[in-house]
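Subject: Handing over the structure

Hello,

I am passing this structure on to you, and I hope you enjoy looking through it. Please have the sequence and the model open while you read.

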Amino acid sequence: MASVQVAMARRLSLRSLGAWRTVRRFSSSSVPSREPLLFTPGPLTVSGPVKQAMLVDYGSRDKLFLDAVLEVREGLLQVAGVSKEKGYECVLMQGSGTAAVEAMLGTAVPKDGKVLLVINGAYGHRQTAICKYAGIPYETLVFEDSEPITVDRVRQTLRASRCSHVSLVHHETTAGVINPLEELVKMMKAEFPDLKVLVDSMSGFGAYELDMTWGIDFAVSSANKCIEGVPGFAYVLCATDALKQTQGNARSLTMDIFDQWANMESTGQFRYTPPTHAILAFKQALVEFHAEGGMDARKARYRANYEVLAREMQKMGFEFYVPEACRSYCICTFKTPEHPKFHFQTFYNLLAEQGFVIYPGKLSKGNSFRIGPVAWGSLFASLAPLTETS
Ligand SMILES: *Cc1c(COP(=O)(O)O)cnc(C)c1O
(Lines give C-alpha, C1' and ligand atoms only; values in the text may rest on other atoms or scores of the structure.)
Protein backbone atom coordinates (compact mmCIF):
# COMPACT_ATOMS: atom_id res chain seq x y z
CA MET A 1 0.00 0.00 0.00
CA ALA A 2 2.77 2.39 0.94
CA SER A 3 4.34 2.12 -2.49
CA VAL A 4 1.03 2.99 -4.13
CA GLN A 5 0.91 6.15 -2.07
CA VAL A 6 4.46 7.03 -2.93
CA ALA A 7 3.74 6.53 -6.63
CA MET A 8 0.62 8.66 -6.27
CA ALA A 9 2.57 11.40 -4.54
CA ARG A 10 5.24 11.33 -7.25
CA ARG A 11 2.65 11.51 -9.97
CA LEU A 12 0.86 14.40 -8.30
CA SER A 13 4.05 16.33 -7.80
CA LEU A 14 5.10 15.77 -11.41
CA ARG A 15 1.74 17.13 -12.50
CA SER A 16 2.27 20.20 -10.45
CA LEU A 17 5.73 20.69 -11.94
CA GLY A 18 4.07 20.46 -15.33
CA ALA A 19 1.73 23.23 -14.30
CA TRP A 20 4.69 25.45 -13.43
CA ARG A 21 6.06 25.22 -16.92
CA THR A 22 2.86 26.27 -18.60
CA VAL A 23 2.27 29.29 -16.44
CA ARG A 24 2.40 32.68 -18.12
CA ARG A 25 5.42 34.76 -17.40
CA PHE A 26 4.95 38.37 -16.43
CA SER A 27 7.47 41.12 -16.97
CA SER A 28 7.21 42.61 -13.47
CA SER A 29 9.93 41.28 -11.21
CA SER A 30 7.57 41.25 -8.23
CA VAL A 31 5.48 38.51 -9.81
CA PRO A 32 6.78 34.96 -9.38
CA SER A 33 8.22 33.39 -12.50
CA ARG A 34 6.13 30.29 -11.97
CA GLU A 35 2.78 29.41 -10.51
CA PRO A 36 2.68 30.37 -6.82
CA LEU A 37 2.58 27.62 -4.24
CA LEU A 38 0.25 28.55 -1.42
CA PHE A 39 1.75 27.77 1.98
CA THR A 40 -1.22 29.49 3.56
CA PRO A 41 -4.13 28.38 5.72
CA GLY A 42 -6.28 28.21 2.57
CA PRO A 43 -7.15 28.49 -0.20
CA LEU A 44 -4.42 26.01 -1.08
CA THR A 45 -2.63 25.10 -4.24
CA VAL A 46 -4.74 22.43 -5.88
CA SER A 47 -3.77 19.64 -8.26
CA GLY A 48 -3.84 19.95 -12.04
CA PRO A 49 -6.81 17.56 -12.41
CA VAL A 50 -8.79 19.57 -9.83
CA LYS A 51 -8.20 22.71 -11.91
CA GLN A 52 -9.03 20.84 -15.12
CA ALA A 53 -12.33 19.61 -13.71
CA MET A 54 -13.52 23.21 -13.92
CA LEU A 55 -13.08 23.43 -17.68
CA VAL A 56 -16.65 22.36 -18.43
CA ASP A 57 -19.86 24.30 -18.03
CA TYR A 58 -22.70 22.37 -16.46
CA GLY A 59 -26.21 23.75 -16.22
CA SER A 60 -27.19 24.36 -12.61
CA ARG A 61 -30.45 22.42 -13.09
CA ASP A 62 -29.01 19.77 -15.39
CA LYS A 63 -28.80 16.10 -14.43
CA LEU A 64 -25.03 15.97 -14.91
CA PHE A 65 -24.59 18.68 -12.33
CA LEU A 66 -27.22 17.34 -9.94
CA ASP A 67 -25.46 13.97 -9.97
CA ALA A 68 -22.22 15.72 -9.04
CA VAL A 69 -23.96 17.52 -6.17
CA LEU A 70 -25.30 14.23 -4.85
CA GLU A 71 -21.92 12.55 -5.17
CA VAL A 72 -20.26 15.36 -3.23
CA ARG A 73 -22.89 15.31 -0.46
CA GLU A 74 -22.61 11.56 -0.05
CA GLY A 75 -18.83 11.63 -0.31
CA LEU A 76 -18.58 14.14 2.51
CA LEU A 77 -20.76 12.07 4.82
CA GLN A 78 -18.51 9.12 4.07
CA VAL A 79 -15.39 11.12 5.05
CA ALA A 80 -17.17 11.94 8.33
CA GLY A 81 -17.79 8.23 8.94
CA VAL A 82 -21.58 8.45 8.59
CA SER A 83 -24.38 8.21 6.01
CA LYS A 84 -27.94 9.27 5.34
CA GLU A 85 -29.11 5.83 6.49
CA LYS A 86 -27.32 6.31 9.79
CA GLY A 87 -29.19 9.58 10.34
CA TYR A 88 -26.92 12.29 8.96
CA GLU A 89 -27.23 14.87 6.23
CA CYS A 90 -24.84 17.04 4.27
CA VAL A 91 -26.01 20.46 3.12
CA LEU A 92 -23.93 22.51 0.69
CA MET A 93 -23.97 26.29 1.11
CA GLN A 94 -22.71 28.85 -1.40
CA GLY A 95 -20.02 31.21 -0.13
CA SER A 96 -17.02 31.24 2.14
CA GLY A 97 -16.48 29.18 5.25
CA THR A 98 -17.51 32.09 7.45
CA ALA A 99 -20.83 32.29 5.62
CA ALA A 100 -21.49 28.66 6.54
CA VAL A 101 -20.52 29.24 10.19
CA GLU A 102 -22.95 32.15 10.18
CA ALA A 103 -25.59 29.91 8.58
CA MET A 104 -24.97 27.19 11.17
CA LEU A 105 -25.29 29.52 14.17
CA GLY A 106 -28.23 31.37 12.68
CA THR A 107 -30.13 28.19 11.78
CA ALA A 108 -29.28 25.93 14.71
CA VAL A 109 -29.88 28.29 17.64
CA PRO A 110 -33.58 29.11 18.12
CA LYS A 111 -34.68 32.60 19.14
CA ASP A 112 -35.19 31.47 22.73
CA GLY A 113 -31.94 29.48 22.82
CA LYS A 114 -28.47 30.51 23.93
CA VAL A 115 -25.12 29.37 22.59
CA LEU A 116 -21.89 29.06 24.54
CA LEU A 117 -19.03 30.13 22.28
CA VAL A 118 -15.84 28.39 23.40
CA ILE A 119 -13.02 30.46 21.95
CA ASN A 120 -9.28 29.97 21.54
CA GLY A 121 -8.47 32.14 18.57
CA ALA A 122 -9.67 34.63 15.98
CA TYR A 123 -12.10 32.21 14.32
CA GLY A 124 -13.82 31.63 17.65
CA HIS A 125 -13.95 35.38 18.26
CA ARG A 126 -15.52 35.81 14.82
CA GLN A 127 -18.48 33.74 16.05
CA THR A 128 -19.09 36.44 18.66
CA ALA A 129 -19.34 38.99 15.85
CA ILE A 130 -21.72 36.70 13.95
CA CYS A 131 -23.97 36.38 17.01
CA LYS A 132 -23.99 40.15 17.52
CA TYR A 133 -24.99 40.81 13.90
CA ALA A 134 -27.70 38.18 13.87
CA GLY A 135 -29.00 38.86 17.37
CA ILE A 136 -28.24 35.34 18.59
CA PRO A 137 -28.08 35.09 22.40
CA TYR A 138 -24.61 33.94 23.45
CA GLU A 139 -22.06 33.60 26.22
CA THR A 140 -18.33 33.17 25.82
CA LEU A 141 -15.57 31.11 27.40
CA VAL A 142 -12.19 32.39 26.23
CA PHE A 143 -8.80 30.63 26.22
CA GLU A 144 -5.43 31.95 25.03
CA ASP A 145 -4.76 31.45 21.33
CA SER A 146 -1.68 29.34 22.13
CA GLU A 147 -3.57 26.84 24.27
CA PRO A 148 -6.23 24.22 23.62
CA ILE A 149 -9.77 24.24 24.99
CA THR A 150 -9.94 22.10 28.13
CA VAL A 151 -12.70 19.67 29.05
CA ASP A 152 -12.81 20.81 32.68
CA ARG A 153 -13.37 24.50 32.07
CA VAL A 154 -16.03 23.78 29.46
CA ARG A 155 -17.79 21.42 31.88
CA GLN A 156 -17.75 24.01 34.68
CA THR A 157 -19.05 26.75 32.41
CA LEU A 158 -21.83 24.59 31.01
CA ARG A 159 -22.92 23.61 34.52
CA ALA A 160 -23.30 27.26 35.42
CA SER A 161 -24.67 28.64 32.17
CA ARG A 162 -27.79 26.75 31.04
CA CYS A 163 -26.90 27.13 27.40
CA SER A 164 -28.94 25.17 24.85
CA HIS A 165 -26.09 25.07 22.33
CA VAL A 166 -22.31 25.09 22.36
CA SER A 167 -20.05 26.08 19.49
CA LEU A 168 -16.31 25.58 19.13
CA VAL A 169 -13.54 25.41 16.56
CA HIS A 170 -11.97 21.98 15.95
CA HIS A 171 -8.60 23.10 14.62
CA GLU A 172 -7.93 26.76 15.43
CA THR A 173 -6.17 28.12 12.38
CA THR A 174 -5.23 31.37 14.12
CA ALA A 175 -2.11 29.94 15.73
CA GLY A 176 -2.45 26.31 14.68
CA VAL A 177 -3.88 24.68 17.80
CA ILE A 178 -5.72 21.38 17.71
CA ASN A 179 -8.52 21.06 20.26
CA PRO A 180 -9.43 17.71 21.88
CA LEU A 181 -12.72 17.48 19.98
CA GLU A 182 -13.60 13.88 20.74
CA GLU A 183 -13.19 14.26 24.53
CA LEU A 184 -15.01 17.58 24.54
CA VAL A 185 -18.00 16.32 22.55
CA LYS A 186 -18.28 13.06 24.47
CA MET A 187 -18.17 14.88 27.82
CA MET A 188 -20.81 17.38 26.65
CA LYS A 189 -23.20 14.71 25.45
CA ALA A 190 -22.69 12.52 28.52
CA GLU A 191 -23.33 15.33 31.00
CA PHE A 192 -25.75 17.48 29.05
CA PRO A 193 -27.74 15.15 26.79
CA ASP A 194 -30.00 17.91 25.41
CA LEU A 195 -27.14 20.21 24.48
CA LYS A 196 -26.64 20.72 20.75
CA VAL A 197 -23.00 20.71 19.64
CA LEU A 198 -21.80 22.93 16.77
CA VAL A 199 -18.30 22.58 15.34
CA ASP A 200 -16.28 24.76 12.97
CA SER A 201 -13.93 22.19 11.46
CA MET A 202 -12.93 24.38 8.55
CA SER A 203 -9.22 23.61 8.54
CA GLY A 204 -9.48 20.30 10.41
CA PHE A 205 -11.89 18.22 8.37
CA GLY A 206 -10.03 15.73 6.21
CA ALA A 207 -6.79 16.04 8.18
CA TYR A 208 -7.94 15.53 11.77
CA GLU A 209 -10.50 12.95 12.74
CA LEU A 210 -14.06 14.14 13.09
CA ASP A 211 -16.76 11.56 13.70
CA MET A 212 -20.32 12.86 13.86
CA THR A 213 -21.33 9.88 16.03
CA TRP A 214 -19.29 11.27 18.94
CA GLY A 215 -22.35 13.47 19.39
CA ILE A 216 -21.77 16.36 16.99
CA ASP A 217 -25.02 17.89 15.75
CA PHE A 218 -23.63 20.31 13.17
CA ALA A 219 -20.13 20.58 11.69
CA VAL A 220 -18.96 23.02 9.05
CA SER A 221 -16.03 22.93 6.68
CA SER A 222 -15.26 24.49 3.32
CA ALA A 223 -14.18 23.36 -0.12
CA ASN A 224 -10.78 25.01 -0.14
CA LYS A 225 -9.12 23.62 2.97
CA CYS A 226 -7.91 20.07 3.67
CA ILE A 227 -9.97 18.36 0.97
CA GLU A 228 -8.01 20.60 -1.42
CA GLY A 229 -10.77 21.95 -3.63
CA VAL A 230 -11.23 25.54 -4.78
CA PRO A 231 -13.15 28.29 -2.93
CA GLY A 232 -16.83 28.86 -3.60
CA PHE A 233 -18.85 26.83 -1.16
CA ALA A 234 -18.89 25.26 2.27
CA TYR A 235 -20.73 22.30 3.70
CA VAL A 236 -22.64 21.57 6.87
CA LEU A 237 -22.78 18.02 8.18
CA CYS A 238 -25.87 17.60 10.32
CA ALA A 239 -27.48 15.02 12.55
CA THR A 240 -30.82 14.64 10.77
CA ASP A 241 -32.85 14.83 14.01
CA ALA A 242 -31.15 18.06 15.01
CA LEU A 243 -31.55 19.53 11.52
CA LYS A 244 -35.27 18.78 11.47
CA GLN A 245 -35.71 20.79 14.66
CA THR A 246 -34.36 23.97 13.05
CA GLN A 247 -37.23 24.87 10.74
CA GLY A 248 -38.14 28.52 11.14
CA ASN A 249 -35.04 29.43 13.20
CA ALA A 250 -32.95 31.12 10.50
CA ARG A 251 -32.31 34.85 10.68
CA SER A 252 -31.52 35.05 6.97
CA LEU A 253 -33.12 33.58 3.85
CA THR A 254 -29.94 32.75 1.93
CA MET A 255 -28.33 31.30 5.06
CA ASP A 256 -31.18 29.04 6.07
CA ILE A 257 -29.62 25.58 6.22
CA PHE A 258 -32.95 23.91 6.84
CA ASP A 259 -34.52 25.48 3.75
CA GLN A 260 -31.45 24.73 1.63
CA TRP A 261 -31.60 21.11 2.76
CA ALA A 262 -35.37 20.76 2.23
CA ASN A 263 -34.94 22.11 -1.28
CA MET A 264 -31.94 19.88 -2.06
CA GLU A 265 -33.91 16.89 -0.84
CA SER A 266 -36.99 17.60 -2.93
CA THR A 267 -35.34 18.86 -6.15
CA GLY A 268 -31.67 17.88 -5.87
CA GLN A 269 -30.86 21.51 -6.55
CA PHE A 270 -29.41 24.50 -4.77
CA ARG A 271 -32.06 27.16 -4.14
CA TYR A 272 -30.04 29.90 -5.85
CA THR A 273 -27.18 29.90 -8.36
CA PRO A 274 -24.68 27.24 -7.28
CA PRO A 275 -20.89 27.48 -7.73
CA THR A 276 -21.00 24.86 -10.51
CA HIS A 277 -17.28 24.85 -11.30
CA ALA A 278 -16.23 24.71 -7.67
CA ILE A 279 -18.48 21.67 -7.15
CA LEU A 280 -16.91 19.87 -10.11
CA ALA A 281 -13.44 20.67 -8.79
CA PHE A 282 -14.42 19.38 -5.38
CA LYS A 283 -15.79 16.15 -6.79
CA GLN A 284 -12.36 15.54 -8.31
CA ALA A 285 -10.67 16.55 -5.05
CA LEU A 286 -12.66 13.86 -3.23
CA VAL A 287 -11.58 11.27 -5.80
CA GLU A 288 -7.96 12.25 -5.16
CA PHE A 289 -8.50 12.21 -1.40
CA HIS A 290 -9.51 8.55 -1.61
CA ALA A 291 -6.91 7.66 -4.24
CA GLU A 292 -4.25 9.01 -1.92
CA GLY A 293 -5.47 6.67 0.83
CA GLY A 294 -8.12 8.75 2.62
CA MET A 295 -7.62 10.67 5.81
CA ASP A 296 -4.80 8.50 7.14
CA ALA A 297 -2.68 9.12 4.07
CA ARG A 298 -3.47 12.82 3.97
CA LYS A 299 -2.67 13.14 7.65
CA ALA A 300 0.62 11.34 7.10
CA ARG A 301 1.53 13.62 4.19
CA TYR A 302 0.74 16.79 6.14
CA ARG A 303 2.63 15.47 9.13
CA ALA A 304 5.65 14.56 7.04
CA ASN A 305 5.64 18.06 5.56
CA TYR A 306 5.30 19.54 9.02
CA GLU A 307 8.32 17.53 10.25
CA VAL A 308 10.49 18.95 7.46
CA LEU A 309 9.26 22.48 8.04
CA ALA A 310 9.68 22.27 11.82
CA ARG A 311 13.16 20.83 11.64
CA GLU A 312 14.48 23.23 9.01
CA MET A 313 12.89 26.36 10.49
CA GLN A 314 14.17 25.56 13.99
CA LYS A 315 17.63 24.86 12.55
CA MET A 316 17.59 28.43 11.22
CA GLY A 317 16.58 29.73 14.65
CA PHE A 318 12.88 30.35 14.14
CA GLU A 319 10.68 29.62 17.15
CA PHE A 320 7.19 28.16 17.22
CA TYR A 321 4.44 30.11 18.96
CA VAL A 322 2.41 27.06 20.01
CA PRO A 323 3.77 24.38 22.37
CA GLU A 324 4.35 21.04 20.70
CA ALA A 325 1.64 19.17 22.66
CA CYS A 326 -1.25 21.03 21.02
CA ARG A 327 0.49 22.22 17.85
CA SER A 328 -1.14 21.39 14.56
CA TYR A 329 0.53 19.90 11.51
CA CYS A 330 -1.73 21.89 9.17
CA ILE A 331 -0.56 25.40 9.95
CA CYS A 332 2.48 26.61 11.88
CA THR A 333 2.90 29.97 13.56
CA PHE A 334 6.42 31.26 14.01
CA LYS A 335 7.37 34.22 16.17
CA THR A 336 8.80 37.06 14.15
CA PRO A 337 12.50 37.13 15.09
CA GLU A 338 13.60 40.06 17.26
CA HIS A 339 16.77 40.50 15.22
CA PRO A 340 17.04 44.12 13.95
CA LYS A 341 17.89 42.91 10.46
CA PHE A 342 14.81 40.72 10.14
CA HIS A 343 12.09 42.48 8.20
CA PHE A 344 8.96 40.40 7.60
CA GLN A 345 7.84 42.12 4.41
CA THR A 346 11.27 41.59 2.83
CA PHE A 347 11.25 37.94 3.92
CA TYR A 348 7.73 37.58 2.50
CA ASN A 349 8.62 39.26 -0.79
CA LEU A 350 11.77 37.20 -1.31
CA LEU A 351 9.80 34.00 -0.80
CA ALA A 352 6.96 35.27 -3.01
CA GLU A 353 9.40 36.06 -5.81
CA GLN A 354 10.29 32.39 -5.81
CA GLY A 355 6.64 31.45 -5.81
CA PHE A 356 6.25 30.50 -2.15
CA VAL A 357 3.31 32.33 -0.65
CA ILE A 358 3.21 32.39 3.16
CA TYR A 359 0.80 34.22 5.45
CA PRO A 360 1.03 36.96 8.06
CA GLY A 361 0.11 36.10 11.66
CA LYS A 362 -3.30 36.72 13.16
CA LEU A 363 -2.44 36.74 16.85
CA SER A 364 -3.99 39.22 19.25
CA LYS A 365 -0.55 40.00 20.67
CA GLY A 366 3.01 39.70 19.39
CA ASN A 367 4.26 39.59 15.82
CA SER A 368 4.20 36.31 13.97
CA PHE A 369 3.81 34.69 10.58
CA ARG A 370 2.28 31.44 9.41
CA ILE A 371 3.37 28.69 7.06
CA GLY A 372 0.96 25.94 6.09
CA PRO A 373 2.87 22.72 5.41
CA VAL A 374 -0.30 21.55 3.68
CA ALA A 375 0.09 23.26 0.35
CA TRP A 376 0.92 20.94 -2.46
CA GLY A 377 2.36 18.75 0.18
CA SER A 378 3.50 15.89 -2.01
CA LEU A 379 5.91 18.20 -3.74
CA PHE A 380 7.12 19.50 -0.42
CA ALA A 381 7.59 15.97 0.87
CA SER A 382 9.60 15.09 -2.19
CA LEU A 383 12.03 17.85 -1.23
CA ALA A 384 12.72 16.22 2.11
CA PRO A 385 15.48 13.82 1.00
CA LEU A 386 17.29 16.70 -0.71
CA THR A 387 17.24 18.70 2.51
CA GLU A 388 18.53 15.73 4.42
CA THR A 389 21.61 15.19 2.29
CA SER A 390 22.48 18.85 1.78
C1 LIG B 1 -10.53 29.39 7.08
C2 LIG B 1 -11.33 29.33 8.33
C3 LIG B 1 -12.58 29.98 8.49
C4 LIG B 1 -13.12 30.97 7.51
O5 LIG B 1 -13.24 30.60 6.25
P6 LIG B 1 -13.43 31.69 5.10
O7 LIG B 1 -13.62 30.83 3.92
O8 LIG B 1 -12.21 32.55 5.07
O9 LIG B 1 -14.64 32.49 5.43
C10 LIG B 1 -13.29 29.78 9.64
N11 LIG B 1 -12.82 29.02 10.62
C12 LIG B 1 -11.63 28.40 10.54
C13 LIG B 1 -11.16 27.58 11.68
C14 LIG B 1 -10.84 28.54 9.39
O15 LIG B 1 -9.66 27.94 9.32
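Below is what was found, from the overall picture down to single residues.

This is a predicted model, in which local features need pLDDT of at least 70, side-chain atom pairs count only at pLDDT 80 or more, and totals for chains, interfaces and linings use all residues. Residues are numbered from 1 along each chain as its sequence is written, and side-chain values use heavy atoms, with hydrogens and water left out.

The protein has 13 helices and 14 strands (DSSP runs numbered from the N terminus, with H or I of at least four residues for helices and E of at least two for strands). Of its 390 residues, 55% count as buried (under 20% relative accessible area, with exposed over 50% and partly exposed in between, using a 1.4 Å probe and protein chains only). Among contacts between residues at least 6 apart in sequence, 71% join residues at least 24 apart; contact here means heavy atoms within 4.5 Å.

Two helix pairs are worth a look. Helix H3 (residues 63–79) packs against helix H10 (residues 276–292) at about 45°, with the axes 10 Å apart (lines fitted to C-alpha atoms over the stretch in contact, with angles from 0 to 180 degrees between N-to-C directions). That makes H3 oblique to H10 (angles under 35 degrees are roughly parallel, over 145 roughly antiparallel, 65 to 115 roughly perpendicular, and the rest oblique). Residues in this contact include Phe 65 and Val 72 of H3 and Leu 280 and Phe 289 of H10.

The second pair is H4 (residues 97–108) and H5 (residues 122–134), whose axes come within 10 Å and cross at roughly 55°. H4 is therefore oblique to H5. Thr 98, Val 101, Glu 102 and Leu 105 of H4 meet Arg 126, Gln 127, Ile 130 and Cys 131 of H5.

Cys 131 is buried, at 1% relative accessibility, and Cys 163 is buried too, with a relative accessible area of 11%. How many disulfides does a search of the whole structure find? It finds 0, taking a disulfide as a pair of cysteine sulfur atoms within 2.5 Å.

Finally, Phe 39 sits in the loop between strand E1 (37–38) and helix H2 (48–52). Phe 39 counts as buried, at 5% relative accessibility. Phe 39 and Val 357 are 318 residues apart in sequence, while their C-alpha atoms are 5.5 Å apart in space.

Best wishes
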